[in-house]
Amino acid sequence: MGKQYQPNSLEELAADPAFQAWVLNPTPDNRAYWLDFLDKHPEKADLVEEAKNLILGIHHYFGKEPTDPHQLAAYYEEISQRSEQTLSQQSSSLRLQRIPYRQLAVASIVLLLATALGWWWTNQSDSIHTYSTAYGEWQTVILPDSSRVKLNANSELSISRNWKEESNRTVWLTGEAYFEILRKPTSGATFTVIADEVSVEVLGTSFNVNSRGEKTEVFLEEGKIRLAAGNEETFMVPGDFIAYSADINQFVEKRQHATKPYSSWKDGVLVVQESPIREIFNKIEDIYGIEFQVKDSSVLETTTTVRLPMDKLEIALPILEKTLGRKIQQKEKRLIVQ
Amino acid sequence: MLKHSLHIAQLLAKAQKGDQLAFQEIYELYYDRLLRFGCSMGNSHGMVHDVIQELFIRLLQQPNRFLTITNLDTYLFKCLRRNLGSSLQRARKKRNQAYKHRERQQIEMSVETRLIHSEYRKAQSAWLSTQLDLLTPHQKESIYLRFYENLSYDEMAEIFSVSNQVVRNSVFRALKKLRKNISKQKTHPLSGLYGLFL
């Protein structure tokens, strides 16, 4: 935001990004700035009001609902396919005409050089692309094959830059993510998630992987997957929940007909059913990047059920206080449970 | 704002080196902006969508052209505008009955969805909308680029292929037309909102 200045015209004020930011996304900071401005220049009040109405009106007139990210990915798929189709059509119609051998020879040499250069380039540039989220933030990643990955807070997803959808599709995960994988019926290409010691291999399906803490947990919502960890291998059907411990190289928990809560975070809600408070605290710590301190540790072992928003700690805390029946004091990154 | 344009510059550099992911991200960042711009001058949603698709297909097929881009905003807006012009002329020439029918359906749809999605507008800024409706298509696109996209007059001049002064004049004329009516609306519900923000 600039220094105090004197906007002289409606046009100047309405086009000022700082002014627009206040009108469209008011925050305590920019509100304070513009209130101060109005205090010092009461004669500009009419101008400010007029500009504000103008900006609001223009945004409502031209604004549109943003296109759904999934839909956008499908649109992109369409153009990348169509660009290849029309290219091959163009080259086949060329073949029907008289063949210009000389140009063709030159072209093929150029093409060879270009391919060699291309090879050199791809091998030069770093080959891993990483998406990561901070505390209290989550992100939807659309993979080159249009599969969707919703990345939970404080997590990281890596994919190879020369990811080929025809061949095997592999991603690496630390943290937690929810996958919606598109099936590739023509090539039968599988999709593999590697999280710590566990690899999940799928054909096309929706599932949740959580590799925080000492266990890696996989929950399958749709489709069928093959789970390999250490020397063990198992197949999962929808509703199955499996936890694997790398310490003892074993599957430590298998449950059938498990329900949604394992993946509810993808809708921005943390749902934990009948679990020890200790586990609930761990999850909240992972999401918000905070730390619980408990005076009376007996509270940690009682079990309970909670539903909390994942992006608003100020709302989550009062709910948690009510559930626990205890006051929680916040000191910066520490939460002290009385 | 600055951070945003820096990100786009980095994406462009990556895409020009042949990074498909960066190219896709550019597409996804610009699709909605281009759609709004195309519709701002009164084109139907369906037609603008088709033109955006063709524009990006051409970019994929002719990387040489893509390499010369320095400012993505002005380049893409300018191309879209030119291609919309030519496809509008094509549509007129053909006078294809089926095509016209489809167009009309899409226009009706968008009016309907607009009504559903904008109770706010219906109640509070319908008056400004009717005033914006009265502007010419060129005035509308000028207002859109200046106050929605926050482009500079130089960038707009580049997009419209006219001088900086001509763009200024047309924005001022459009504002004057709207302004007559904004100032009449002193007692309008929107002015109540002003209190809310404070």
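1. From the N terminus on, the elements of chain B run α-α-α-α-α-α-α-α-α-α-α. Chain B thus listed has 11 helices and 0 strands, where helices (H or I, at least four residues) and strands (E, at least two) are DSSP runs numbered from the N terminus. This is a predicted model, in which local features need pLDDT of at least 70 and side-chain atom pairs count only at pLDDT 80 or more, while totals for chains, interfaces and linings use all residues. Residues are numbered from 1 along each chain as its sequence is written, and chains are lettered from A and ligands numbered from 1 in the order in which they are written.

2. Chain B averages a pLDDT of 75, and 68% of the residues score at least 70; pLDDT is the predictor's confidence in each residue, from 0 to 100. Over residues 94-124 of chain B pLDDT stays under 50, and the model has 21 contacts beyond four places in sequence for them. Residues 185-198 of chain B also stay under 50, with 15 such contacts. Two residues are in contact if their C-beta atoms, placed from the backbone, lie within 7 Å.

3. Of the 198 residues in chain B, 26% are buried, a residue being buried if 20 or more other C-beta atoms lie within 10 Å of its own, exposed if 12 or fewer, and partly exposed in between. Among contacts in chain B between residues at least 6 apart in sequence, 67% join residues at least 24 apart.

4. Between the chains, 37 residues of chain A are in contact with 43 residues of chain B. On the side of chain A that touches chain B, α1 (10-14), α4 and α5 (69-96) each supply at least two residues. The most comes from α4(A), with 13 residues. By class, this side has 20 nonpolar, 9 polar and 8 charged residues; Ala, Val, Leu, Ile, Met, Phe, Trp, Tyr, Cys and Pro count as nonpolar, Asp, Glu, Lys and Arg as charged, and the others, Gly among them, as polar.

5. Helix α4 of chain A (residues 45-62) has 18 residues and reaches 26 Å from its first C-alpha to its last, close to the expected 26 Å; the expected span is 1.5 Å times one less than the number of residues. Its buried residues include A51(A), L54(A) and I55(A). A14(A) touches these three residues, as well as F19(A) and F147(B), not counting residues up to four places away in sequence.

6. The largest nonpolar core has 97 residues, of which A14(A), V200(A) and L80(B) touch the most other members. Its largest share, 9 residues, comes from helix α2 (residues 20-40) of chain B. Such a core is a set of buried Ala, Val, Leu, Ile, Met, Phe, Trp, Tyr and Cys residues joined through C-beta atoms within 7 Å.

7. Strand β1 (residues 128-132) of chain A runs antiparallel to β4(A) and is joined to it by 5 bridges, with S160(A) as the bridge partner of I128(A). Strand β5 (residues 169-174) of chain A pairs with β4(A) in the antiparallel sense over 4 bridges, and I159(A) stands opposite V171(A). Strands pair if DSSP finds at least two bridges between them.
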